Every structure is written in C-alpha cells, then in structure tokens.
Amino acid sequence: MVAAMPVRVEQADDVCTYIVHVAQEHAAPPASPIAGDQHHIGRTHYTSFLQGILPSHISEPAPSLIYAYSHAATGFAVRLSKHQAAHIEGHPGVLTVTPDGRHELHTTLSPSFLHLSPSSGLVPASNGGAGAVIAVLDTGVYPKDRRSFAADPSLPPPPRTFRAIGSFNAIRRGIFVSASAGNTGPDLSTAVNLAPWIITVGASSLNRRFPARVVLGNGRTYVGSSLFSGQNTVASLIPLVYGGDAGSDICFYGNLSRNIVAGKIVLCEDGGNITFSTAQEAAVRLAGGIGTIISSRDVYGDFIQTLADIHPATTVTFPDFRAILTYKRSVRNPVARMVFDGTTISQSPSAPRVAAFSSRGPNSIAAEILKPDVIAPGVEILAAWTGETAPSLLRLSVDNRSAEFNIISGTSMSCPHVSGIAAMLKVARPSWSTTAIKSALMTTAYNLDNSGNAIKSSVNGQAAGPFELGSGHVDPNRALDPGLVYDATADDYITFLCNLNYTSGQIALFTKGSTVTDYCRTRPKTPVGDLNYPAFSVSFGRFGGRVTQRRAVTNVGANTNPVYDVNITAPPGTTLTVVPRRLAFNAQLKTLPYSVTLSAGAATKSSYEWGSIVWNDGQHAVRSPVVVTWA
C-alpha cells in the first residue's frame with residue numbers, strides 16, 4: 001500500500017478534463033420513452049466504452065464522465081490522466097481528444113476593447129451607471145423569460161410609465177439619444193438618423209475573429225469566417241461543386257440538384273444580403289450537400305461577415321471565392337476541405353476597422369453637419385437573443401436551435417455600446433447636458449488602431465475618412481474628462497431648423513406648438529454651419545470658395561484657469577485659419593467663442609479632403625475633424 005501511493009498521487013496530479021469526439025458508429029444510441037433521458041443513456045454508454053478500451057494497467061484513477069454530447073457534437077467530456085488520454089486517442093473509434101481549456105465569456109471582449117475597468121476610469125466614476133435607465137426608441141424586445149436580457153436578477157421590472165417619445169422631445173427633457181447610422185455601406189451618403197441633436201453611430205470591428213480555412217486539393221488555403229461549432233464532416237478532402245452547375249449559382253432554396261450536390265461541398269455566389277447566407281446553407285443541406293463556401297459581396301472588399309451557420313460553412317472574400325471557383329473549373333476532380341479554428345483574438349489584422357456595411361456620410365440633408373458622429377464595436381458582437389427566432393434567422397422548421405445569445409453584426413450593435421457609455425457619463429457628470437455628453441464622446445474619440453496607424457476601412461485596408469468614422473472611435477474613459485465641450489440647447493436646434501428653411505408647420509412638429517406661429521421671424525438668420533457642433537463640414541462648389549463657421553467651447557475641466565492653444569491640420573488643397581489661436585478661461589469666463597475660416601480653390605484629385613483642429617492645454621486634446629467637399 002505504501003509502494004502504491006506515489007503512483008496514485010502522480011496519476012491524480014495529471015488528471016484534467018478532456019473533450020472526446022468519437023466516430024458516429026460509437027455514438028450513444030438515441031433515447032426512447034422507455035429507456036430514459038439521452039444524457040443518462042450517453043453517460044452509461046460512454047462509461048462502458050472507456051472501460052472497454054482502457055487496459056488494466058492504466059485504468060486507475062477511474063475515468064469520471066462529466067457530460068455526454070448528442071446534438072452539436074458526438075462524444076463526451078471526461079476527467080482522465082494524461083496517460084489514459086494518450087491511449088484512447090489512438091483508438092480507431094476516437095476522432096480527437098482535446099484538453100478542456102478555460103474560456104471566458106466573449107461578452108467581456110468589447111468592454112475590455114473599450115478599456116473599461118471596474119477599478120479605474122468611467123466605470124467606478126459612474127458606479128457602473130447605477131440609477132441610469134436605457135430605453136429603446138420605437139422598437140425593442142421585451143425580456144420575456146430570457147436571462148440574457150437581464151444582467152442582474154435583482155433589477156426591477158420596467159416602469160409602467162415608459163412612453164415611445166421622439167428624439168427631439170427626448171433631448172428637450174434631458175434624455176441622451178443615440179441612433180444607428182445604418183447598414184447600407186460602403187457607398188457614400190447612405191447614413192441615416194442625421195439630426196444634429198442625436199449621436200449617430202457607425203460600426204467598427206474588434207480584435208476577435210472566427211477564422212475558417214478552405215484548403216484546396218492543390219494545397220492553396222483561403223481564410224474565411226464561420227460561426228460553425230458542430231462536428232466537422234468536411235475535415236478531409238471532399239468533392240467540390242459549383243451551385244451554378246447544380247441549378248442555382250446563389251444556391252436558392254429548393255433549386256439545387258441532389259444528384260450533383262449530395263455528399264459534396266458547394267460553392268455559392270453572393271446572395272445580395274448577409275441574412276441570405278444561412279438560407280444558402282439550408283439549400284445545400286436540403287440537397288444533401290455537406291459543406292458550403294459562400295462569397296462575400298464584391299463591394300465589401302476585404303470584409304467578411306457571417307451568421308450562425310447551420311452546417312459546416314464559411315464565407316470568404318469575393319476575390320478568394322473567384323480564385324476557388326477558378327480552381328474548381330481548372331481540374332478534373334476538384335476537392336476541398338475546411339478547418340474551423342474557433343475564436344481567435346489577435347493584433348492582426350489591425351483593429352478597429354470601419355465595417356463595410358456601416359453607412360457613410362456625407363449628410364444628405366445638411367452637409368454642414370458631419371455624420372456619422374463616431375464609431376463603436378458593431379462587428380460580430382455577442383448579444384442577447386430571443387427564443388422566438390432561430391439564431392440563423394431561418395424558420396424554426398429549418399433551424400430548430402434555440403439560443404439565449406447570438407453573434408450579431410450591425411450598427412444596431414454599435415449604437416447600444418454608445419448608449420451604455422453615455423448612461424455612465426450621465427451618472428458621473430449629472431450637470432452635463434445631453435449635448436455636452438455628445439461633445440465629450442466626439443472630441444475624445446481616437447483615430448489610431450491597435451498597431452498605432454490610422455484606423456482603416458475594412459473594404460480596402462486604406463485609412464478611413466470622416467465620412468466613415470466621423471470624429472473617430474469612442475473612448476469611454478477619456479470622455480469622462482474632455483476638458484472642453486461644445487454645448488447647445490433645444491432652442492439652438494430650432495434656429496438651425498429655421499436656417500434650413502423649415503416651415504412653421506414643420507417646426508411645430510418639434511415644438512408641439514401652433515402651426516401658424518412664425519417661429520423663425522424673431523430669430524437671427526445665421527449660416528447652418530454656425531450650429532455649435534463638435535465637428536466642421538464645409539461644402540464648396542466645383543471652383544472652391546471661402547467659408548467661416550463659428551463655435552463656442554465651455555471649460556468643464558477641474559482647472560478653472562486653463563489656457564488652450566490650437567493645433568491646425570488643414571485639409572489638403574485648403575487654407576485653414578482659426579481666430580483666436582489661444583483661449584484663456586477663468587472662473588468668470590467659462591465659455592469662449594472662436595471662428596474657423598476655410599479657403600479653397602478648385603478641386604484637384606479628390607471630391608473631399610479632411611484635416612482637424614485640436615485645442616490643447618497640456619492635459620486635454622480637444623479634437624474636431626474638418627472635412628471639405630467639392631460639389
């Protein structure tokens with residue numbers, strides 16, 4: 001007994017959890033009403049399986065089965081010694097034996113990417129946003145029996161006095177309003193929610209990817225993106241066919257020939273909408289196909305987006321899809337396999353990048369108001385999900401999966417990030433107006449990625465401009481202390497509408513007053529560009545011109561007597577003048593005006609250019625983008 005103890009201790013120290021995938025012929029039998037539940041059957045089956053393949057000399061310590069898988073995978077989780085794991089890995093019925101590593105919830109990624117910490121910065125300053133209420137304007141999902149919609153079970157039910165009020169009335173009542181820029185990029189002038197009193201949010205990527213490699217028979221490898229996490233039935237080389245040769249180049253549901261597709265990987269052209277991709281996978285599966293390679297949109301360039309794949313599938317860039325299709329057509333027996341790498345967090349490619357789908361400026365209603373205002377994480381975000389819809393967005397009869405969380409992309413994902421940040425700012429800075437909060441978010445936004453270079457467009461890898469990222473990527477902690485803010489009132493916005501030549505009847509929709517009252521008669525006629533906005537946008541004719549815009553900034557820093565000097569970067573082809581170049585504040589002079597004058601000749605190589613002005617007191621860098629367009 002004394003001699004045996006060291007052996008047992010050594011083996012026990014080597015014990016850890018493994019995920020074991022087995023061949024289908026060794027899978028646990030399905031449950032029946034008489035036999036009992038599937039999990040009990042699986043545990044019994046795999047315990048017997050292990051006892052049958054482990055020789056007596058390594059049968060101790062006895063394997064401890066934790067869980068049996070029967071849906072997303074075929075196999076089990078078990079506690080084994082490393083010697084036991086090494087032995088069963090060689091069994092012909094065992095596909096893989098993988099040590100179970102510690103995985104953190106990916107919900108934590110965007111907060112960490114935003115540098116939000118419970119110990120410093122905005123989170124402790126706002127007590128985590130305690131007391132703030134975030135409401136959904138117009139549409140939303142009630143958190144019916146879904147724990148994913150409630151961060152804290154102690155939260156009270158929604159107030160019965162909630163109302164669907166408009167954004168202008170919201171800001172009049174001190175309610176911050178953020179809105180999505182839209183998902184119709186990368187074309188210009190596609191942004192929506194353009195009102196100057198709301199913050200319009202574009203979408204950017206994180207440093208997280210879900211790579212899936214397509215390996216062709218000629219050895220070439222192309223990296224796509226996939227959220228597939230089930231059993232990989234295309235791990236070995238499989239015949240490759242093109243949907244266009246099987247009845248439908250876009251793999252339309254019900255139009256693929258089973259005689260051609262069954263047992264093969266199918267190439268499917270872009271269906272024109274990202275939500276169509278899982279329907280393409282369903283079409284391939286319906287026809288007996290076992291894998292799908294989908295082309296991204298041509299205009300998306302290097303950008304790849306994916307949904308909750310229903311079988312082994314990957315989306316690749318348009319150029320990579322053409323290369324794979326060329327290979328398919330150039331050899332007699334084309335084959336391919338797929339490798340799913342799961343979740344990776346990496347510095348390459350650089351992040352953030354502006355998403356291809358994120359709608360762009362310029363502002364189609366008032367060119368003097370730069371939109372979008374900022375960008376925030378909006379690509380492949382872990383989000384709460386309703387059980388009423390499959391995560392693939394397909395009919396439940398096609399995809400019967402139910403999930404409390406999903407991976408979603410869109411400016412509807414980036415906008416809530418800004419809403420949450422603004423809520424914490426409102427708690428931390430209760431005296432700030434909604435416009436001051438918006439200003440703080442814009443002037444502290446950053447323009448460099450995690451490699452130290454300019455934030456890029458995911459379409460072409462080139463530096464993104466203000467029509468793509470607005471003032472830049474939100475920085476929650478810096479927004480807590482912006483130094484200066486550009487403030488405005490609801491009355492300023494009415495003046496803005498008057499200067500856009502809104503009629504009395506149109507303005508009455510905002511004021512809730514009489515439609516016959518002349519709201520604009522007593523107001524000064526000023527240029528639209530003089531609204532106290534934290535960004536500058538000037539539109540010239542084809543031959544250029546000269547424009548002056550006026551602003552006023554308010555000191556909100558701890559120092560009541562700061563002196564700010566301006567640093568000017570003129571847009572190429574222009575002359576930019578700021579008067580005065582120095583702002584000296586004191587306890588009585590908390591708000592100071594200045595003006596910006598832009599002069600330009602005829603357009604040369606580009607229809608728009610950009611630069612910036614930065615007010616700096618040695619502690620704060622208050623940045624405003626300056627963009628010029630030639631019509």
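Which helix and strands are among what covers the buried residues of H8? The points below take up this question first, and they concern a predicted model.

1. Helix H8 spans residues 277–286, and because eight of its ten residues are buried, this helix is largely enclosed by the rest of the structure. The buried residues are Ser277, Thr278, Ala279, Gln280, Glu281, Ala282, Ala283 and Val284. In answer to the opening question, their cover includes helix H7 (258–261) together with strand E11 (265–268), strand E12 (291–295) and strand E13 (313–316).

2. After H8 comes Gly288, a residue whose phi is positive, with a value near 90°.

3. Helix H14 (residues 490–499) and helix H15 (residues 504–511) have axes that come within 10 Å of each other and cross at roughly 160°. Since an angle over 145 degrees counts as roughly antiparallel, H14 is therefore roughly antiparallel to H15. The crossing of these two helices is right-handed.

4. Where the two helices meet, H14 contributes Ile494, Leu497 and Cys498, while H15 contributes Ile507, Phe510 and Thr511. Of the residues in this contact, five are nonpolar and one is polar, and none is charged.

5. Four strands form an open sheet in the order E21-E23-E27-E25, and their pairing is antiparallel. At the edges stand strand E21 (484–485) and strand E25 (574–579), each of which pairs on one side only.

6. The pairing of E21 with strand E23 (residues 545–555) is antiparallel and runs over two bridges. Within E23, Thr554 is the bridge partner of Val485.

Methods
Residues numbered from 1 in each chain as written. Predicted model: local features only at pLDDT ≥ 70, side-chain atom pairs only at ≥ 80, totals over all residues. Heavy atoms only, no water. Buried < 20%, exposed > 50% of the residue type's maximum accessible area, 1.4 Å probe, protein only. Contact = heavy atoms within 4.5 Å. Axes fitted to C-alpha atoms, helices over the stretch in contact; angles between N-to-C directions. Parallel < 35°, antiparallel > 145°, perpendicular 65-115°, else oblique. Left-handed = near helix turned anticlockwise from the far one by under 90°. Nonpolar A, V, L, I, M, F, W, Y, C, P; charged D, E, K, R; others polar. Pairing = 2+ DSSP bridges.
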